[in-house]
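Subject: Structure for you to look through

Hello,

Here is the structure I said I would pass on. Please open it first, then read the notes under it.

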Amino acid sequence: MSWVSRVVDRMWPPKWLYRTYERSVMGQLDKGSMPHHVAVLADGNRRWARMNAPGQPLVAGYQAGAAKLLEFVEWCEETGIEVITLWVLSTDNLGRTKDGELEPLLEVIDQLVRDLAARRRWRVQVVGALDLLEEKWAESLRTSAESTAGISGMTVNVAVAYGGRQELRDAVRSLLAEKADEGATLGDVAQTLEIDQISEHLYTKGQPDPDLIIRTSGEQRLSGFLLWQSAHSEYYFCEALWPDFRRVDFVRALRAYSQRERRFGR
């Protein structure tokens, strides 16, 4: 695509037309059928950088993606959503040290969490295996999140060094350690273990499971995201790369969700 085509594509349709469309769709939504918990796989930042910032380091895409995440949180708050989960770094992404991507990405993530906490409107929680990060990053992320502990607004989970299998392993380890402290044997645990007991040891313990999971960039797979919690989630896949994800795309996701009949496996 030439630079002229890209400029035209960005300018048309005009923003006022999108705003009119957004209002029209939002007016059609049943407020009682909105999701309580929305999770997002903000995918496509590197592809966006290659297409829109050629010659620049890929961190330009991560920065654009972080700015969009801040916008997304605002949209969710305006809609009355109670919990959102943003997946910004997987355990697989930790292998990007060889190409020098990881350190700049962690700088962007750390600043994102700082910015979210600085708003003083949301309770920020960092979910993931922070022990896999350098201590300086883990400590900074914890400090920012802990500064919002007394805030009663919307909960914003930022999934850092997160992997679904890693979470389940950590949950089982935590559960077994708890039972051992209570004096139970492995045989006792095997005989009495219940599903809810595992849920109580997940990174998102105490929170509702996600009702709606959004993935951008045209990918249509879970990649291990919230493996346990997503058993009955609805999915919405969007072609837009994450930095190009618009409020109108979010509104469309909400409309699609509201039109589905949720059966919860029944």
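A residue counts as buried when its relative accessible area is under 20%, as exposed when over 50%, and as partly exposed in between. Arg-255 has 26% relative accessibility, so it counts as partly exposed. Please keep in mind that this is a predicted model.

Arg-255 is found in helix H10, which covers residues 247–258.

Now the chain in general. There are 10 helices and six strands in the chain. Its length is 266 residues, and 49% of them count as buried. If you take the contacts with a separation of 6 or more, 77% of them are between residues 24 or more positions apart.

Next, helix H3, residues 45–52. Which of its residues are buried? Asn-45, Trp-48 and Ala-49 are buried. Looking down the axis of H3, the buried residues fall within an arc of 100 degrees, so they line one face of the helix. As background, an α-helix has 3.6 residues a turn, so residues three or four places apart point the same way.

H3 also packs on H4. Their axes come within 7 Å and cross at roughly 115 degrees, and the crossing is right-handed. On the H3 side the contact involves Asn-45, Arg-46, Trp-48 and Ala-49; on the H4 side it involves Ala-60, Gly-61, Tyr-62, Ala-64 and Gly-65. Sorted by class, the residues of this contact are five nonpolar, three polar and one charged.

Helix H4 (residues 59–79) also packs with helix H5 (residues 102–118). How are these two arranged? The angle between them is about 20 degrees and their axes are 10 Å apart. Angles under 35 degrees count as roughly parallel, and H4 and H5 are therefore roughly parallel to each other. Their crossing is right-handed.

From H4, the residues that meet H5 are Val-59, Tyr-62, Gln-63, Ala-66, Leu-69, Leu-70 and Val-73. From H5, Pro-104, Leu-105, Val-108, Leu-112, Asp-115 and Leu-116 take part. By class, the contact of H4 with H5 has 11 nonpolar residues, one polar and one charged. Tyr-62 is listed in the contact of H4 with H3 and also in the contact of H4 with H5.

Regards

Key. Residues are numbered from 1 along each chain as its sequence is written. This is a predicted model: local features need pLDDT of at least 70, side-chain atom pairs count only at pLDDT 80 or more; totals for chains, interfaces and linings use all residues. Side-chain values use heavy atoms; hydrogens and water are left out. Buried means under 20% relative accessible area, exposed over 50%, partly exposed in between (1.4 Å probe, protein chains only). Helices (H or I, at least four residues) and strands (E, at least two) are DSSP runs, numbered from the N terminus. The arc is that of the directions from the helix axis to the C-beta atoms. Axes are lines fitted to C-alpha atoms, for helices over the stretch in contact, and angles run from 0 to 180 degrees between N-to-C directions. Angles under 35 degrees count as roughly parallel, over 145 as roughly antiparallel, 65 to 115 as roughly perpendicular and the rest as oblique. A crossing is left-handed if the near helix is turned anticlockwise from the far one by less than a right angle, and right-handed if clockwise. Contact means heavy atoms within 4.5 Å. Ala, Val, Leu, Ile, Met, Phe, Trp, Tyr, Cys and Pro count as nonpolar, Asp, Glu, Lys and Arg as charged, and the others, Gly among them, as polar.
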